[in-house]
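Me: I have a structure open and would like to learn how to read its features one by one. Could you walk me through it?

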Amino acid sequence: MALDSGVQPALETRGLAKSYGAVEVLRDINIEMGQGEFLVLVGPSGCGKSTLLNCIAGLEGITAGSLMIGGREVTQEPPKDRDIAMVFQSYALYPTMSVAENIGFGMKIRRVPKAQMDAKIMEVATLLQIDHLLDRNPSQLSGGQRQRVAMGRALVRDPKLFLFDEPLSNLDAKLRVEMRAEIKRLHKTTGASIVYVTHDQIEAMTLASRIVVLKGGDVQQIGTPQEIYDRPANTFVADFMGSPPMNIIPATVEAQKLVMDDVTLPAPTIGLPDKVQVGIRPEHLTLVSVTPDLHVKPTMIENTGAECYLNFQLGGVTVTARLPGRMDEDHTEMVGLGIAPGALNFFDAGTGTRIDL
Ligand code: ADP
Ligand code: MG
């Protein structure tokens, strides 16, 4: 009986682990990804993102656990039988072949009939808006155009799963933003299931339907961009996702009040231990003149153009407020700040794990 792959998860990992000898690189990875999802694996350099992608592709064997693609167990299968297509950071195009030949190369090897091959090349090139470049050689293309050709080679395969490993990191900042929008459009148009690796939290936030945050080979949190940003599972996620990052301030709970240095905040404290870490996003601190929650002395003011970052000391750490407009960078007089309602996050003082009240 044929399985209806439409209702099967695009990807499922169960207790996946990977070691190189005694070095554990991935531990107990459990991911379930729906059809058509754009799943982003994000984390700092060396956390195991590429290793996980290579395990999914079958370029690396796994040490424990299992892997299913489209509802089919592929743990023991070689890459060519997994029905995946991969786009790498360094996309080597064949320099002596035209764009069309580069895109069609895989089909030529598989002896796809010429008419069918040409139609597919044209379809994909049109989708990628490089149909006017089909006769050119890679040396006659810009970096962004070359990256599109590399994506074209993956797209012609119509695989069950696309795997992208930092495909934009070789491009300059402006081109990255353009190609990011392009990849998002491509996903919307094709409805493809994509696993996308990046260390860039903005890329993760803007592209993902769901994000997997990794640190040192462990999953920290899996959730929609909104969930990850609004309710980070721990201080690592709170710090990693967001720029400037969430402020994390040590505090104590005394007489049912939240105390940081000599500041006492009116905040819900029921259910909190005596010592906590308080998380506040920089944009949840606002300038107020009437009954501010905090009176602070600016230690540094940075104007970025559209907004400014006002830094001050609280609870022994530097805290940043992200304010609209501009401020005099020499401003050192006290400033009143309000905390947006419901903006406080609480984390365990020792482990950094989120505390939900
Ligand atoms: P990321 O892509 O998140 O930057 P990687 O998956 O490339 O990280 O690497 C994760 C960890 O695994 C790193 O500490 C790296 O040194 C280690 N690693 C990767 N490949 C090997 C290997 N072949 N042998 C030993 N260690 C490896
Ligand atoms: Mg990598």
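Reply: Gladly; polar contacts come up first. A polar contact is a pair of N or O atoms within 3.5 Å; within protein, one must be able to donate a hydrogen and the other to accept it, and residues adjacent in sequence count only if both atoms are side-chain atoms. Here, a polar side-chain atom of S50 lies 2.9 Å from an oxygen atom of ligand 1. For T51, the corresponding distance from a polar side-chain atom to an oxygen atom of ligand 1 is 2.5 Å. The protein buries 56% of the 560 Å² that ligand 1 exposes when taken alone, with areas from the Shrake-Rupley method, a 1.4 Å probe, and for residues only the protein chains shown counting as cover.

Me: What should I keep in mind about the model and its labels?

Reply: This is a predicted model, where local features need pLDDT of at least 70 and side-chain atom pairs count only at pLDDT 80 or more, while totals for chains, interfaces and linings use all residues. Residues are numbered from 1 along each chain as its sequence is written, chains are lettered from A and ligands numbered from 1 in the order in which they are written, and side-chain values use heavy atoms, leaving out hydrogens and water.

Me: Which helix gives the largest share of the shell around ligand 1?

Reply: Helices (H or I, at least four residues) and strands (E, at least two) are DSSP runs, numbered from the N terminus. Helix α1, residues 49-57, supplies that share, with 3 residues.

Me: Is N234 buried or exposed?

Reply: Buried means under 20% relative accessible area, exposed over 50%, and partly exposed in between (1.4 Å probe, protein chains only). N234 has 13%, so it is buried. You will find N234 in the loop between α7 (225-230) and α8 (235-240), and its side chain makes a polar contact with the side chain of Q220 at 3.0 Å.

Me: How many aromatic pairs are there?

Reply: Rings of Phe, Tyr and Trp (its six-membered ring) pair if their centres lie within 6.5 Å; planes under 30 degrees apart are stacked, over 60 edge-to-face, and the rest tilted. The count is 5. Among them, F162 and F164 form a tilted pair, 6.4 Å centre to centre with 35° between the planes. F162 is buried at 6% relative accessible area, and F164 is buried at 4%. Ring pairs also link F38, F162, F164 and Y196 into a cluster.
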